Amino acid sequence: MASTREIRRRIRSVKNTAQITKAMQMVAASKMRRAQLRALEGRPYQKLLDEVTQSLVPQVGQLRHPLLNPRPVRRRAVLVISTDKGLCGSLNTNLFRELFRRHGPDRAYVSVGRRGRSFLASLPNSTGETLLADFELRDNLTFRDGKRISRFLLDKFSSGAIDAIDVAHTHFVNALVQATVIRPLVPIAPQNLAPSEAPATPVVPDNFEPSPEELLDALLPFFVDWNIYQALLDSLASEHSARMIAMKNATENAKELVGDLTLEYNKARQEGITREILEIATAQIALE
Amino acid sequence: MSSLHVEIVTPEGVRFAQDVEMATFPGEEGEMGVYPNHEPLITRVVPGELVLQTGEERKVLAVGEGFAKISAARLVLLSDMALYEEEIEEAKVAEAIERAQQALRQKELGEEEQAATAALLARSLAQLKVKRRHRSA
């Protein structure tokens with residue numbers, strides 16, 4: 001059995017760890033509330049944007065807007081939204097496993113978050129060409145951050161460097177559940193949009209102001225901007241939730257460990273006392 | 001009489017979802033008044049003044065850029081801003097306008113910043129318009 005001093009040292013160190021994880025849990029919890037709120041309040045907008053796009057796209061499909069028009073895919077760009085820091089459970093691992101499974105020579109990546117960058121750089125046959133760009137991730141990100149990424153991708157798309165854009169991120173379901181999502185974004189296909197709840201009223205093609213072409217030119221890039229922005233918010237909310245849960249578990253485990261160690265410490269101490277009494281008693285008997 | 005269900009949604013959430021008798025919003029090609037049973041239509045929205053009329057009650061909002069989808073019983077308006085008249089702080093808006101105009105005059109902005117500042121300016125002017133008009137009325 002370990003000496004009492006050794007056990008005391010371990011208890012102290014585990015308690016310190018628990019304090020740190022507890023603090024990280026609190027920080028993550030407060031960040032989570034903000035990020036969750038932002039991710040959730042954007043959802044109605046996302047839904048209606050889907051609805052508007054959906055009622056617009058089939059009507060003017062014959063116009064063959066480049067963002068709607070699928071072309072043979074030589075190079076598919078995947079926007080990977082991971083986190084900057086670890087200690088958030090299996091969040092990144094799940095995402096990376098899925099990406100690894102789909103990895104192929106036709107893939108190019110754009111990363112957001114440091115974890116994703118180092119993972120993508122470690123993929124087989126990774127060259128400067130497979131990792132197109134790396135954007136930083138901020139807690140208080142704005143729509144313009146999303147737009148910058150989106151415009152970079154759209155530029156590459158219109159110049160023909162890439163033929164399709166996927167988004168890989170974690171979808172925030174609730175504080176306990178985050179789902180890995182890899183979905184195609186560009187070319188925009190009506191079947192990828194969320195089905196609207198309201199009965200679809202077909203819009204007569206004449207009734208677009210200004211012309212359908214101009215409307216599409218305005219709506220589609222914005223649609224991509226918005227989707228990327230929302231994916232970023234979604235990932236942030238997931239990250240903070242996952243970290244909070246991970247840290248909560250860590251704190252609980254540490255507390256349990258402290259309990260076990262305290263029991264062991266008390267046993268060791270009691271044993272020491274018993275032994276001492278025994279020794280004194282033996283010595284006394286020997287003297288008599 | 002049928003009514004028009006209006007939904008106004010911004011990135012910050014649903015700002016308005018109620019039935020009204022009539023709505024007026026700033027479309028790209030001029031003010032658009034919408035009554036129930038309007039023909040289905042999709043259009044762009046520019047920064048300006050949105051008016052929702054139900055009987056004697058009149059609600060005025062300042063809206064930013066976005067899109068509107070009209071069907072017979074429903075008007076969906078997506079915008080990057082939707083502020084009720086009473087939410088607008090005139091002094092702050094005037095300040096924002098001043099700053100934006102100064103920035104635009106200096107012309108040292110990148111293309112992207114220029115567009116963002118111009119959009120901010122348009123939004124601020126729309127707010128001011130809503131605020132001023134209804135005080136004098």
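Is Thr170(A) buried or exposed? I looked this up to open the notebook. Thr170(A) is buried, because its relative accessible area is 4%. Buried means under 20% relative accessible area, exposed means over 50%, and partly exposed lies in between, with a 1.4 Å probe and protein chains only.

**Ground rules.** I note that this is a predicted model, where local features need pLDDT of at least 70, side-chain atom pairs count only at pLDDT 80 or more, and totals for chains, interfaces and linings use all residues. Residues are numbered from 1 along each chain as its sequence is written, chains are lettered from A and ligands numbered from 1 in the order in which they are written, and side-chain values use heavy atoms, with hydrogens and water left out.

**Around Thr170(A).** I placed Thr170(A) in strand S4 (residues 164-172) of chain A. Helices (H or I, at least four residues) and strands (E, at least two) are DSSP runs, numbered from the N terminus. Next I listed contacts, meaning heavy atoms within 4.5 Å. I left aside neighbours within four places in sequence. Thr170(A) then touches Leu91(A), Gln178(A), Ala179(A), Thr180(A), Asp234(A), Ser235(A) and Ser238(A).

**Chain A as a whole.** I found 6 helices and 6 strands in chain A. From the N terminus their order is α-α-β-α-β-α-β-α-β-β-β-α. Of its 288 residues, 44% are buried. I also checked contacts between residues at least 6 apart in sequence: in chain A, 77% of these join residues at least 24 apart. Chain A exposes about 15200 Å², and carbon and sulfur atoms supply 55% of that. Accessible areas come from the Shrake-Rupley method with a 1.4 Å probe; for residues, only the protein chains shown count as cover.

**Chain B as a whole.** I found 2 helices and 10 strands in chain B. Along the sequence the pattern is β-β-β-β-β-β-β-β-β-β-α-α. The radius of gyration of chain B is 16 Å, close to the 14 Å from the globule rule for 137 residues, so chain B is as compact as a globular protein of that length. That radius is taken over C-alpha atoms, and the rule is 2.2 Å times the number of residues to the power 0.38. The C-alpha trace of chain B spans about 55 × 30 × 25 Å along its principal axes. Buried residues make up 47% of chain B.

**Aromatic rings.** I counted 9 aromatic pairs over all chains. Rings of Phe, Tyr and Trp (its six-membered ring) pair if their centres lie within 6.5 Å; planes under 30 degrees apart count as stacked, over 60 as edge-to-face and the rest as tilted.

Phe143(A) and Trp226(A) have ring centres 6.2 Å apart and planes at 35°, so this pair is tilted. It links distant parts of the chain: Phe143(A) is in helix H5 (residues 143-159), Trp226(A) is in helix H6 (residues 212-287), and 83 residues separate them. Phe143(A) is partly exposed at 25%. Trp226(A) is buried at 1%.

Phe222(A) and Phe67(B) have centres 6.0 Å apart and planes at 45°, so they are tilted. Which chains does this pair join? The pair crosses from helix H6 of chain A to strand S8 (residues 66-71) of chain B. Phe222(A) is buried, at 19%. Phe67(B) is buried too, at 5%.

Last, I traced a cluster. Ring pairs link Tyr45(A), Phe143(A), Phe222(A), Trp226(A), Tyr229(A) and Phe67(B).
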